[in-house]
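Here's a short tour of one protein model, written for someone new to structures. Take a look at the picture first, then read on.

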Amino acid sequence: MNAPIQENNYMLNDLAATGHQDHTAGLARRADELAPGRYLFACDNGVRLMLHVVTDKILRFRYLTDGPLAPDLSYAVPADAPRPGPTFLEFVEKPDHYRLTTARLICTVQKQGLKTRVLDRSGTVLSEDEKGFHWQYDDETGNDQVKMSKLVPPGVHYYGLGDKPANMNLRGHRFTNWGSDTYGYTKGSDPLYKNIPFYHVLHQRIAHGIFFDNTFRSYFDFAAERADVTSFWANGGELNYYFIYGPTLLEVTQEYTLLTCPPELPPLWTLGYHQCKWSYYPEANVKEIAAGLRERRIPCDALYLDIDYMDGFRCFTWHPTHFPEPQRMVQELAADGFKTVVIIDPGIKIDPGYSVYNEGLANDYFCRRADGPLMKGTVWPGLCNFPDYTKPPVREWWAGLFEGLIKDVGVAGVWNDMNEPAVFEKGTFPADVRFDYDGQPASHLKAHNIYGMQMARATAAGVKRFAYPKRPFTITRSTYAGGQRYSSGWTGDNIASWEHLWLANIQCQRLSISGFSFIGSDIGGFIETPDGELYARWIALGAFHPFFRTHSSGDHNDQEPWSFGEPYTSLARHFIELRYRLLPYVYSTFWQYATQGTPMLRPLTFLDQNDPETYLRMAEFSLGDHLLVCPITTPGVDGRWMYLPRGDWYYYWTDEVKAGGTEVWASADLARIPLFVKAGAVVPMQPVLQFVGEKVVDELTLHVYYKNGSAESVLYDDGGEGYAYQEQDQRTVRRFALTGSPTGLAISQTIEGPYQPAYATYRVVLHGLPGPPAGASADGQPLEIAPATLETGLTAPALTVGVGFGELRVVLAVPAAA
């Protein structure tokens, strides 16, 4: 045997190279059913695959390399959430593979290498491993870099992945999940604030999703490096992913959102308009903004206090001179219809005279470095320690800290910022910072991507505890998959530019289809100052985003709706008023999201995935079932070309009917945003209010858009506040089934639930009738039809009917035969 060659006193051999090579699974020798729907495949080289049939449409793949089985902890998928389980399941062993069959899917697992293939029941291949599971040992961290590679079939498209500021279709690009404070990001910046490792795959008009539940820094390559391979991988943890079958894109998002759990319904006021700035202070400035909104009759429900409301930026304190009597101020704002929302960051100032710091220190609630010292980093208060929100007692303590703000002072909502976590000059925590990770000790490498989510979780628990019996409201900048359970969000520190108006549209759509619908952008841009035209176009778009807030940096000019003078003040008022009229529709759409997992914002592809024309378009989106929006993101234009999905659509501003499946020109001066209503829709609207609850709404308007055919719409109501809808079933769902023909129109209403709204009547406005109405009746009783002038300036026939009607009929005048 020849001795190894020596060079510079170091022995050269292939051991180091072997340690860094990719490893793959060996030959599966055994398959055990651990429990119904749970199978363990064991290979001769120690690799194991745990395959869990979650439902007929969801399969979980969990690959393990060596060592004992780690506890199964997921911050994204609550272990106690009810799951329906598969309705049908068959498992068979073949000579070279295993086969699982559910009511919707077929999954094969090759014995050699554990490569998988998933098909629908008709035999169409949906997903197929290329190299499949492989891994590489990282001798710097001791973790395995775990990887999955899948084949890319011709004509495939990819969507989702959270807040990525890139084209809607992800194919041909690579992305990273590592929550980052990215001030002034631009198109293509990556990574950003949020970490949602979930994406959609559309191939041959059939959709599925992949959710990679791994909190380490993770990567996604959508056929960027190799045109025939897509991969996802992480710098540690397990290769743990869910295959989620549609077959529609909409169903993929629904299944994912229900898997990770949607949020509770928010209070209705949170869906109104919010005004924010860094910073409104002192108290006189806050009162001036409040008065400016009310005097100008610009509806608004919430005013925000940024970090300058605190005493030296210490969380849970008030500046003694800027806000000497916060409880009185908050009560006076509330009397004028304003809810107060305050910011809370994770950094706790190192100050022996500060009670929050002392409590955290005494109870060992702050993060520590590997050798024991407390993690120290500089943020707004100066040098800070940071709570370990992955430790249950810390979350409980943090929640209790909100008693003063919420219960005593009367603050209505809390806004979490800087929680990627962000640290000045360093970016984030060092890798050796230690976390409890709910009893499974981990480093920052594992906990970084869920830090903001766990802060939001603790904050939401505190706000809910002390706001009760009212509903809580929280906002977060950073989150992980499933973070929609705890908070709303915004897209971070954007710029006052036309590019960022375009990005706001894309990012909010992408987050919505990634399970996080309660989202918006800083209207007008946080950095720099828009001109009046840009602000008007942005607030027009924001009126159709679930979270509707203007926010700007104090380093730049004012950005209130009146800051740009006329005609822009009137234009801002115009779109904010439109949002308030649409609140019944927006709230009903949120109810669908909260109960069925349907995204509130839906890209064009989600509206018709059978039409290839939609696959690369990204400007158009729907809010809920019936409203199609396409913002104008170019200066100096009076309209735009946009694509309508197949079917008939009414242009909201003119009632002109357009056939879909083609591009149309939407004329839109600054007083319009391209907005279409789906034929057959029943769109509920209310009178304009200056704030939610300003006065009793005694009548709702139902805008009915004629269709020669049938369609369904829904109206949900529970009063918009409190928990009677859960605790006493005080809610109502009203379903409208429309049937139109050349001779008339019929609307049947079914009512579920005992809640009685304040309004007793509907004003029914009839759009697009093919002829003049000759008569109308409700449950056999005649109704009077009279022309009504609408907010758009149009005139349309209208009638009034009680909210309890069962069937409404409109008969059209039929011209006599010649």
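L627 stands opposite V677 in β42. This is a predicted model, where local features need pLDDT of at least 70 and side-chain atom pairs count only at pLDDT 80 or more, while totals for chains, interfaces and linings use all residues. Residues are numbered from 1 along each chain as its sequence is written, and side-chain values use heavy atoms, with hydrogens and water left out.

Strand β37 (residues 627-629) is joined to β42 (residues 675-678) by 3 bridges, and the two run antiparallel. (Strands are DSSP E runs of at least two residues, helices are H or I runs of at least four, both numbered from the N terminus; two strands pair if DSSP finds at least two bridges between them.)

Now zoom out: 6 strands make an open, antiparallel sheet in the order β35-β36-β37-β42-β39-β40. β35 (601-603) and β40 (657-659) each have a single partner strand, so one side of each is left without a neighbour in the sheet.

Next, the nonpolar cores, which are sets of buried (under 20% relative accessible area, 1.4 Å probe, protein chains only) Ala, Val, Leu, Ile, Met, Phe, Trp, Tyr and Cys residues joined through side-chain atoms within 4.5 Å.

| Core | Size | Members include |
|---|---|---|
| Largest | 206 residues | W398, F544, Y762 |
| Second, separate | 46 residues | Y39, F41, W135, F212 |

In the largest core, W398, F544 and Y762 touch the most other members. Helix α8 (residues 444-467) gives this core its largest share, 11 residues.

How values were computed. Buried means under 20% relative accessible area, exposed over 50%, partly exposed in between (1.4 Å probe, protein chains only).
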